[in-house]
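Try each task before reading its solution.

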Amino acid sequence: MLTFTNGKEKFRKSKTADTLSIAMTGDCCPHNDAVESIKNGSSNEILKNIQPFLNSADISIIQWETPLTNAETPIIKSGPNLKCPPECVDFIKAGGFDIALLANNHIGDFGTPPVLETIEILNNNGIKTVGAGANLAEATKPLIFEKKGFKIAIINVAEHEFGTAGKNTPGCAPQEPVENIMTIKKVASEADITIVIIHGGNEKNPIPSPRMMRNCRAYAEAGASAVVNIHTHCPQGIELWNEVPIIYCPGNFFFPSSWEDFDESRFWWTGYVPKLQFDKIGAFSIEIEPFIFTPDPWVITTFTGDKKEQFCSYLSSISSILSSAEEISRYFDAWCAMMGPSCVKSIADCASLWPIDIEDPDAVKKLLPLRNRFSCGAHNELTKNFLRIVEEFRLPEAEKLIPEIKKLQKADFQ
């Protein structure tokens, strides 16, 4: 079991003299008045506490969950349309990030031109990108580069929601496990380090689902050196699978939100940055830096002393659950019992709208939550499992673990 004593865990001794460290963040989407702070030149102040940890890595990666654009062309979708003005690239530059991950459910929120605009802005500022492109072939192309004598490959994909690339249209790379595994096997045979980074899972669920774990483990078995998932907006655990670290989610990095009032006991505001250490054989250690981001003024503050110890204890606790398939199933059943009723109601509400005027954008938008229930892997898995629980008359049993999930959703150590 991984324990993260003082934020560190060594899997084994390094077997080669050459080593390389890679740090990566969770979701980043400057929003609301945080945008004004960045435009006013406050990026360095926001990042100053976590900057030493980022600087200690040979390569730093940021999950950038928004297009950089001033376009006023929101697409029709379910959920919010997010964007940041182009000036917010200063935040990524201030952090010294080498790579921006663009496979996510918001990169296409304002149409296809802003996807290309975002890539161009980042590239013009010396930041590599992966996970989005001018078409499906470009979007799914791994990022391959060299650093300190290592050949590194990064594969970045997202669950099917909105903004996915098409054969001839810009967007993000979709998660297709069979195709992803074929890509991993090919790339891993040529690279020293292959990192697979996914954007998916059940938002605010502290425990990954059985499907998510199967996919991540399959990627590890296919040849990935490390597998990371991002998207849940809360920290999830870490496991070592066939000597490959799987980070199920580091939580948000910097995501000021208009729909989440600041509350330090909510994990929306607290996450961790993992830093993996590699040799020519694979990953041999991990270090995590936990933090909270707070308003007035916006700043990311790293945990020290008792707070860091308590966060690491929490991470160790949720990581320990990952070793039991039975426990994972129990927690997911409880999550489905908790969230399933609203899913079924959403489906019923959408279905009752049919037939609609298919040329009326407002009517089409009202139907799209139904589309998302079917096409997004996380929503689909939740809905199917909830209906199975109901079918088998297991709902009262599944509901018994809901209080434990709610307990795990609270950052009580703050």
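**Exercise 1. Which residues does aspartate 90 touch, leaving out those up to four places away in sequence?**

Solution. Step one: look for contacts, meaning heavy atoms within 4.5 Å. Leaving out residues up to four places away in sequence, aspartate 90 touches Ile38 and Ser43.

Aspartate 90 sits in helix α4, residues 89–94. Helices (H or I, at least four residues) and strands (E, at least two) are DSSP runs, numbered from the N terminus.

Step three: check the cover. Aspartate 90 has 37% relative accessibility and counts as partly exposed. On this scale buried means under 20% relative accessible area, exposed over 50%, and partly exposed in between, with a 1.4 Å probe and protein chains only.

Step four: take one distance. From the C-alpha atom of aspartate 90 to that of serine 42 is 9.5 Å, although the two are 48 residues apart along the chain.

A word on the ground rules: this is a predicted model, in which local features need pLDDT of at least 70 and side-chain atom pairs count only at pLDDT 80 or more, while totals for chains, interfaces and linings use all residues. Residues are numbered from 1 along each chain as its sequence is written, and side-chain values use heavy atoms, with hydrogens and water left out.

**Exercise 2. Describe the protein as a whole.**

Solution. Begin with the secondary structure: 14 helices and 16 strands.

Next, the dimensions. The C-alpha trace spans about 65 × 50 × 50 Å along its principal axes. A compact globule of 414 residues would have a radius of gyration near 22 Å, and the protein agrees with this at 20 Å. That radius is taken over C-alpha atoms, and the globule rule is 2.2 Å times the number of residues to the power 0.38.

Then consider the packing. Of the 414 residues, 57% count as buried. Among contacts with a separation of 6 or more, 74% come from residues 24 or more positions apart.

Finish with the surface. The accessible surface is about 17000 Å², and carbon and sulfur atoms hold 51% of it. These areas come from the Shrake-Rupley method with a 1.4 Å probe; for residues, only the protein chains shown count as cover.

**Exercise 3. How many salt bridges does the structure hold, and which parts do they tie together?**

Solution. The test for a salt bridge is a side-chain nitrogen of Lys or Arg within 4 Å of a carboxyl oxygen of Asp or Glu. The structure holds 22 of them.

Take lysine 204 and glutamate 260, whose side chains meet in a salt bridge at 2.3 Å, N to O. Lysine 204 is in the loop between β10 (193–199) and α8 (210–222) and glutamate 260 in the loop between β13 (244–247) and β14 (270–278), so this pair ties together parts 56 residues apart in sequence. Lysine 204 is partly exposed at 37% relative accessibility, whereas glutamate 260 is buried at 7%.

Now turn to arginine 394. Its salt bridge with aspartate 333 has closest N and O atoms 3.0 Å apart. Arginine 394 lies in the loop between α12 (377–391) and α13 (395–399) and aspartate 333 in helix α10 (residues 325–351), so parts 61 residues apart in sequence are tied together. Arginine 394 is partly exposed, at 28%, and aspartate 333 is buried, at 14%. Arginine 394 also pairs with glutamate 392, at 2.7 Å between the closest N and O atoms. Glutamate 392 is partly exposed, with a relative accessible area of 33%.

Last, look for shared partners: such salt bridges join Lys204, Glu260, Asp263 and Arg266 into one network.

**Exercise 4. Find examples of cis peptide bonds and positive phi values.**

Solution. Recall the background: most residues other than glycine have a negative phi, and most peptide bonds are trans.

For the bonds, go from aspartate 296 to proline 297: the bond is cis, with omega near -10°. Proline 297 lies in the loop between β15 (283–294) and β16 (299–302). Another cis bond joins tryptophan 354 and proline 355, with omega about 0°. Proline 355 is in the loop between α10 and α11 (361–375).

For phi, asparagine 6 has a positive value near 55°. Asparagine 6 lies in the segment before β1 (8–10) and counts as exposed at 53% relative accessibility. Histidine 233 has a positive phi of about 60°. Histidine 233 is in the loop between β11 (226–230) and β12 (238–241) and is buried, with a relative accessible area of 5%.
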